[in-house]
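Hi everyone, thanks for making time for this. I'd like to walk you through a structure that may be new to you, so please have a look at it while I talk.

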Amino acid sequence: GYTVVQELGKGGFATVYLATQDTTGEAYAIKQFTSENGRDIDEDKATNERAVLERLGDHEHVVRLCDIVDDPVGVQALVLEYMGGGELFHWLKEHRRFSEPRARLYTAEIGLGLGALHDLDIVYRDLKPENLLIDTEGHIRITDFGLSKDNVTGAGAEGGTKTFCGTPEYLAPEILENRGHGKAVDWWSFGTLLYEMMCGLPPFYDTNVQRMYNKILIAPLKFPSYISKDAKAVLMALLQRAVDQRLGSAKDFSEIAAHDFYASLDMDKVYKKQIKPEFVPQIKGADTAAHFDKEFTSEKACDSVVTSKLSDEQAEASNF
Ligand code: ADE
């Protein structure tokens, strides 16, 4: 079994807890599928996420599924590798923007993960800094496959899907226009992410969501003066509104990896985590959850959520 230590984060469909395995004492992240109103747990999301992770098997840049357990109400919960550095989102807020080499290595690692999903005809569809986790050495993995979609064979409408989902800032123009979309939406989001890492804000950011959609569809792409020539070129190629001209739409990640921006990286070494990250999160003392946003970690006592649906007897310990 596992004993919950504290809550790490909470979304609309799931809550993630830091837990320790009872026999080894090792830390894991347990993802429990819940719903905002505490009822109507979306078991499809749990099943979909589990299926995607199981199909993918071990990948160095996708969060590892270590075990499946039943939560206290009998819904399967995912036991994931614990990523001690927390969300990339946290570090991007903390450091405002990253150096080009740092953004290059992060996106190379992420691109390899997305490419492996695409090889299985799975589109991820939810790339954003909140879904990227850093380990204690500074390497990165993709997490949260609740929105991912399988059986998508093409880059665009052909062999694609029509469901509208994702996060406003990162939505590709073909999703906004409901043109049907395929794997290339992930490369648009990838471009948005790379831009945000290097510039501090997504390329078409606006406080008003409607205006932001409009900018995604028509606004010219602008760069701060400190952005290098290679970085500009790769961003322009990724943030290309015409799907069939977008970098990645023809040969997937290998096409992106071959761009001058990534020329200094040996992707074999990137995959194997043999390139040393310039930033290593400092894990302060015993407070392993130090890098999770206070908003989440201090909000609730560790076992209040887990036990909320239980009888006292079941609630004896917040265990899975
Ligand atoms: N938040 C969501 N998933 C996590 C994980 N695997 N490790 C740490 N924090 C997380």
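Before we start, one term: when I say two parts are in contact, I mean that they have heavy atoms within 4.5 Å of each other. And when I give an angle, it is taken between axes fitted to C-alpha atoms, in their N-to-C directions, and can run from 0 to 180 degrees. Please also keep in mind that this is a predicted model.

With that in hand, here is a place to begin. Helix H1, residues 43-56, lies across strands E3, E4 and E5, and runs at about 40 degrees to E5. We'll come back to those strands in a moment.

First, the overall picture. The chain has 320 residues, and 53% of them are buried. Its secondary structure comes to ten helices and eight strands. If you take the contacts with a separation of 6 or more, 65% of them are between residues 24 or more positions apart. The accessible surface of the chain is about 14,300 Å², with 47% of that belonging to carbon and sulfur atoms.

In what order do the strands of the five-stranded open sheet come? The order is E1-E2-E3-E5-E4, and the pairing is antiparallel. E1 and E4, the latter being residues 65-70, stand at the edges with a single partner strand each, so one side of each has no neighbour in the sheet. From one strand to the next, the twist averages 30 degrees.

Let's go across this sheet strand by strand. E1, residues 2-10, pairs with E2, residues 14-21, in the antiparallel sense over seven bridges. These two strands form a hairpin with three residues between them, and Lys-10 has Thr-15 in E2 as its bridge partner. E2 is then joined to E3 by seven bridges, again antiparallel, with Leu-18 standing opposite Ala-29 in E3. The hairpin of E2 and E3 has five residues between the strands, and in it Gly-25 takes a positive phi near 75 degrees.

E3 itself, residues 27-33, is mostly covered, with six of its seven residues buried. It pairs with E5, residues 76-81, in the antiparallel sense over four bridges, and there Tyr-28 has Glu-81 in E5 as its bridge partner. To finish the sheet, five bridges join E4 to E5 in an antiparallel run, and Asp-70 is partnered with Gln-76 in E5.

There is also an open sheet of three strands, in the order E6-E7-E8, with antiparallel pairing. Here the edges are E6, at 86-87, and E8, at 140-142; each has a single partner strand, so one side of each is left without a neighbour in the sheet. E7, residues 132-134, and E8 pair over three bridges in the antiparallel sense, and the bridge partner of Ile-134 in E8 is Ile-140. Helix H3, residues 100-119, lies across E7 and E8 and runs at about 35 degrees to E8.

Let's pick out Phe-190. Beyond its neighbours within four places in sequence, Phe-190 is in contact with residues including Thr-107, Ile-110, Leu-114, Leu-238 and Tyr-262.

Next, helix H5, residues 184-199. H5 is mostly covered, with 16 of its 16 residues buried. Just after H5, Gly-200 takes a positive phi of about 95 degrees.

My last stop is Phe-145, which lies in the loop between E8 and helix H4. Is Phe-145 buried or exposed? Phe-145 has a relative accessible area of 0%, and buried means under 20%, so it counts as buried. Leaving out residues up to four places away in sequence, Phe-145 touches several residues, among them Asn-48, Val-52, Leu-117 and Tyr-124. Tyr-124 is 21 residues away from Phe-145 in sequence, and their C-alpha atoms are 6.8 Å apart in space.

That's my tour, and I'm happy to take your questions.

Note on methods. Residues are numbered from 1 along each chain as its sequence is written. This is a predicted model: local features need pLDDT of at least 70, side-chain atom pairs count only at pLDDT 80 or more; totals for chains, interfaces and linings use all residues. Side-chain values use heavy atoms; hydrogens and water are left out. Buried means under 20% relative accessible area, exposed over 50%, partly exposed in between (1.4 Å probe, protein chains only). Accessible areas come from the Shrake-Rupley method with a 1.4 Å probe; for residues, only the protein chains shown count as cover. Two strands pair if DSSP finds at least two bridges between them.
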